[in-house]
Amino acid sequence: MTETKGRVVGVNGNMVTVAFDGLVTMNEVAYVVVGEKKLKSEVIRIRGNLADLQVFEITRGIGVNDPVEFTGELLSVRLGPGLLQQIYDGLQNPLPELAEKCGFFLERGVYLSPLSEKKTWAFTPTVKVGDVVQRGDAVGTVPEGIFKHRIMVPFSFLDTYTVKSILPSGDYRITDTVAELVDSKGNIHPITMSFEWPVKRPITAYAERLRPDKPMVTKIRIIDTFIPVALGGTYCIPGPFGAGKTVLQQVTSRNAEVDIVIIAACGERAGEVVDTLKEFPLLIDPRTGRTLMERTVIICNTSSMPVAARESSVYTAVTIAEYYRQMGLHVLLLADSTSRWAQAMREMSGRLEEIPGEEAFPAYLESVIASFYERAGIVRLRDGSIGSVTIGGTVSPAGGNFEEPVTQATLKVVGAFHGLSRERSDARKYPAIHPLESWSKYKGSVNKEMTEYGRDILFRGNDVAQMMKVVGEEGTSLEDYIVYLKSEFLDDVYLQQDSFDPVDAAVSTERQQYVYNLIFDVLSTIFNLESKEEARKYFNQLRQKFRDWNGTEWESEEFAGKEKEIRTLIAEKKKGTEELALEILKKVSGS
Amino acid sequence: MRKVYSKIESIAGNVITVSAEGVRYGELAEVSSRHGKSLAEVIRLKEDKVSLQVFAGSRGISTGDEVRFLGHPMRVSFSDNLLGRIFDGSGRPRDGGTELVENLIEIGGPSVNPAKRIIPRKMVRTGIPMIDLFNSLVESQKLPIFSVSGEPYNPLLARIAMQAEVDIIILGGMGLKYDDYLFFKDTLEQGGALSRSIFFVHTASDPIVECLLVPDISLAVAERFALKGKRVLVLLTDMTNFADALKEIAITMEQVPSNRGYPGDLYSQLAARYEKAVDFEGAGSITILGVTTMPGDDVTHPIPDNTGYITEGQYYLRNGRIEPFGSLSRLKQMVNKDTRADHRALMDAMIKLYAAYKESLEKKSMGFRMSEWDNKLLKYGAIFEKEMMDLSVNIPLEQALDNGWRILAECFTKEETGLRSDLIAKFWPVK
């Protein structure tokens with residue numbers, strides 16, 4: 001707490017105006033004292049001796065002249081072992097512990113320690129007395145689930161330090177001093193296993209930032225094959241309500257091939273978080289044999305929780321993500337939904353009576369969104385290991401119209417765009433990612449030329465479909481009609497995926513490559529089909545067999561059996577192969 | 001004894017300002033004017049200036065009228081005595097009965113800790129195939145009916161209320177036409193459900209501020225009953241009136257409007273209400289069924305748009321039928337896996353085919369020749385609309401599923417349905 005004294009002079013929604021004497025820092029944390037309760041708030045504007053605070057709680061009951069305490073500290077999160085498996089609110093309050101203490105409802109003004117101070121961790125030192133260390137360097141490790149959690153020199157230590165003392169291996173609590181460091185001026189700094197870091201400052205204690213070029217496997221065919229995401233990259237999923245943004249995020253959080261997943265449920269439905277909350281502890285991650293919860297952190301500030309904390313929740317999430325990146329881990333941050341976060345900014349901006357920009361969003365919207373996504377990235381740490389933070393954010397555009405400010409600001413900064421379409425979700429084509437409008441700047445795991453060939457079929461098929469609406473089926477040539485059927489086929493059996501089917505829900509890279517080869521064969525085959533009626537029937541059969549194939553276990557007997565059936569069916573009507581496809585195949589086998 | 005202030009400094013819209021001390025944000029006051037007493041709520045504090053929103057409206061309030069602060073926020077009485085009663089938006093009896101004053105509870109309380117929520121798992125059966133089969137309603141779900149004015153949304157709401165197996169029905173009426181209010185009352189009375197119902201009704205002629213209180217008051221009461229282990233169904237009709245009331249107040253308060261005049265916090269305001277839907281572990285539940293009339297049948301209008309992002313799906317009511325496109329129950333996956341093995345697959349297949357039917361219909365209307373496939377689809381579409389979509393159909397889910405298979409078999413061959421072979425082997429009707 002600082003010396004500064006403040007008193008409330010005005011209340012308007014969740015904004016409180018405070019008259020103060022002394023020093024006040026922009027964005028510092030302050031507490032409004034209401035009776036027995038202290039309500040956490042953040043200074044968001046200072047004018048003369050008046051400070052405007054956004055209160056992270058319900059403001060009911062605050063009165064003029066209530067005292068305000070200033071802390072002098074920026075809004076921070078506590079970093080240390082024990083973050084994994086936690087369920088926090090936007091201010092890093094652990095929700096299950098809060099429930100134990102307060103029951104069904106979120107009582108305001110109750111702040112609990114985000115990390116257990118009683119639990120002990122098996123510490124192993126990695127430095128010895130006399131070693132020279134910098135911020136972000138490990139002084140030891142503790143096992144946290146399957147990971148080696150590095151105990152690091154706090155990121156706010158900007159000097160070079162010599163280790164003066166270090167504890168031997170043993171069980172310690174996060175508040176115990178594990179090492180003492182001496183800076184260049186001879187001052188001694190004790191360090192513990194945890195420290196705080198302000199959420200709005202990126203953590204940059206790495207050697208170099210690299211170009212994201214390795215794919216992040218989501219096991220969703222349309223994404224991995226056609227519009228891939230890279231480790232350390234960014235992508236956004238805009239879509240109207242009901243198009244399946246959240247299901248897509250949930251499926252990704254389960255199946256993505258990364259070390260750690262951080263879910264920021266920001267201003268969305270509480271029910272959706274509950275699914276994750278209750279199911280993850282039971283689901284086994286096939287890669288590690290441990291439950292999914294052991295690699296997950298949930299930051300949950302749902303739509304009915306106070307708006308100001310919603311604004312900070314995405315920062316809390318990204319800070320924890322960056323912290324684990326410093327350990328050489330690959331972290332995926334899923335933010336659902338960034339529009340709600342932008343709306344929280346808009347509400348506050350309105351209360352501050354700032355001059356509104358487009359749709360009343362503040363003028364700084366774009367720069368704030370850009371700097372958030374820029375916190376993603378793949379980095380090389382000083383010890384040579386590679387870590388990454390990948391950010392995937394959903395956007396909920398008003399009216400499903402992608403022209404609105406949040407979508408546009410996001411599209412400027414992300415590396416991949418997975419646009420969901422109402423048309424496709426209405427037709428129950430899931431995932432409802434629009435294959436023609438979406439794009440990605442990253443490299444995928446299937447050969448680019450082969451996927452481009454597929455995309456071309458989709459475009460042409462779409463053209464034919466449009467034309468057919470005007471001239472009818474009878475006005476379409478058989479050749480065009482087959483292109484149309486091929487595009488429908490690709491859509492039906494490859495782009496669409498049943499996320500509720502145990503096998504089809506997650507498709508490995510190997511299987512995608514394997515299956516796409518056969519798909520490519522179908523797409524590039526010149527078929528011996530006489531009439532549209534025959535063609536339609538033939539493709540119906542093919543679709544049926546492929547769909548059944550999708551439901552069989554990879555490399556099982558059934559899988560091989562179905563595959564054989566399909567190959568026979570193709571061979572029956574095969575007349576030849578398109579020129580272009582042969583060239584591509586030659587190149588692929590040659591490389 | 002709290003101080004009485006008798007100098008109102010400004011009156012704008014329904015908001016009055018007085019100079020007062022020791023007032024707390026959200027506190028209630030009583031304004032006495034020539035036309036009677038009204039409650040008012042503190043909505044802004046600035047030094048000693050207190051802005052209050054007068055529930056009965058500011059019409060007829062004089063600058064010399066008395067304002068007495070009550071020292072507590074808005075409250076409502078809660079007990080079993082509420083059952084069978086009818087109140088207005090501020091909780092005063094509308095049925096001529098006695099005013100209830102015991103066991104007062106605050107309205108608009110804090111939200112439920114997400115860690116204490118449980119996964120919804122109980123289906124609410126309605127006997128309407130478009131709901132049970134295609135978009136099952138689930139206990140603790142929040143779901144609006146999107147409709148244009150003039151559609152029979154209130155009869156639909158009343159019918160679901162009557163058939164759903166719940167302990168208590170709470171009707172929150174906002175800007176309700178008096179006839180509609182009487183309709184609800186009569187329907188529930190005839191069905192013998194009035195004794196387990198509570199009405200909080202704001203009619204179109206009541207002061208606009210009271211409209212804002214209806215959801216909060218209804219949900220506060222619902223929450224208490226749910227905590228006592230009751231399964232509560234809350235009907236909110238029509239949330240568009242609620243949002244319009246919000247807009248009206250926001251504009252009077254000179255807030256910067258965000259989209260078509262609506263305040264920037266419309267989403268949060270709506271969410272704060274809808275998110276009260278919950279299934280308490282070890283206690284009861286709240287299910288919310290709302291009505292959102294879409295101005296100009298425009299789903300991108302801010303009210304339906306924001307609502308859609310909050311609620312767990314929506315039912316589109318159009319031409320007296322629940323439209324299969326756009327209608328969605330997000331929680332159906334939680335329950336339709338346990339009903340019957342064919343439920344999900346059949347649901348998807350039938351909708352896909354219905355979508356194809358719509359395309360054929362379009363082609364037909366443009367004068368194209370119909371292929372054999374088109375003709376099959378046209379036949380299917382007609383039967384589907386008659387046997388599945390018509391709201392007068394009232395059958396249990398299992399029968400609806402059987403009917404579905406029968407319809408498919410009448411119109412298509414097995415491969416044409418796109419269903420998986422194992423399901424076809426098991427359920428395809430043998431002639």
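Biologist: Which residue is the bridge partner of A:Val11 in strand 5 of chain B?

Modeller: Strands of a sheet pair through backbone hydrogen bonds, either parallel or antiparallel. In this predicted model, A:Val11 has B:Leu45 as its bridge partner in strand 5 of chain B. Strand 1 of chain A and strand 5 of chain B, residues 36–46, run antiparallel and are joined by 2 bridges.

Biologist: How many residues does each chain bring to the contact, and how much area do chain A and chain B bury between them?

Modeller: The size of an interface is often given as the accessible area lost when the parts come together. Here chain A and chain B bury about 6700 Å² between them, with 52% of it on carbon and sulfur atoms. On the side of chain A, the residues that lose the most area to chain B are A:Phe104, A:Phe241 and A:Arg428, which together account for 13% of what that side buries. The contact takes 79 residues from chain A and 77 residues from chain B.

Biologist: How many salt bridges and how many residue pairs in polar contact are counted between chain A and chain B?

Modeller: There are 5 salt bridges between the chains, and in one salt bridge the side chains of A:Asp66 and B:Arg24 meet at 2.8 Å, N to O. The count of residue pairs in polar contact between chain A and chain B, both residues being at pLDDT 80 or more, is 31.

Biologist: Which elements of chain A supply the side that touches chain B, and what is its make-up by class?

Modeller: Several elements each supply at least two residues of that side, among them strand 1 (5–12), helix 5 (307–325) and helix 13 (532–550) of chain A, while the largest share, 8 residues, comes from helix 4 of chain A. By class, the side of chain A that touches chain B has 30 nonpolar, 22 polar and 27 charged residues.

Biologist: Within chain A, what is the order of the strands in the open sheet of 4 strands, and which strands stand at the edges?

Modeller: The order is 10-13-15-16, with antiparallel pairing. Strand 10 (132–133) and strand 16 (188–192) of chain A stand at the edges, each with a single partner strand, so one side of each has no neighbour in the sheet. Strand 10 of chain A pairs with strand 13 of chain A, residues 161–166, over 2 bridges in the antiparallel sense, and A:Val133 has A:Tyr161 as its bridge partner in strand 13 of chain A.

Biologist: How far apart do the C-alpha centres of domain 1 and domain 4 of chain A lie?

Modeller: The domain assignment of chain A gives domain 1 (5–74), domain 2 (120–197), domain 3 (209–440) and domain 4 (448–590), and the C-alpha centres of domain 1 and domain 4 of chain A lie 63 Å apart.

Key
Residues numbered from 1 in each chain as written. Chains lettered and ligands numbered in written order. Predicted model: local features only at pLDDT ≥ 70, side-chain atom pairs only at ≥ 80, totals over all residues. Heavy atoms only, no water. Contact = heavy atoms within 4.5 Å. Buried area = accessible area lost by both parts, 1.4 Å probe. Salt bridge = Lys/Arg side-chain N within 4 Å of Asp/Glu carboxyl O. Polar contact = N/O pair within 3.5 Å; in protein donor to acceptor, adjacent residues only side chain to side chain. Nonpolar A, V, L, I, M, F, W, Y, C, P; charged D, E, K, R; others polar. Pairing = 2+ DSSP bridges. Domains from an automatic or database assignment.
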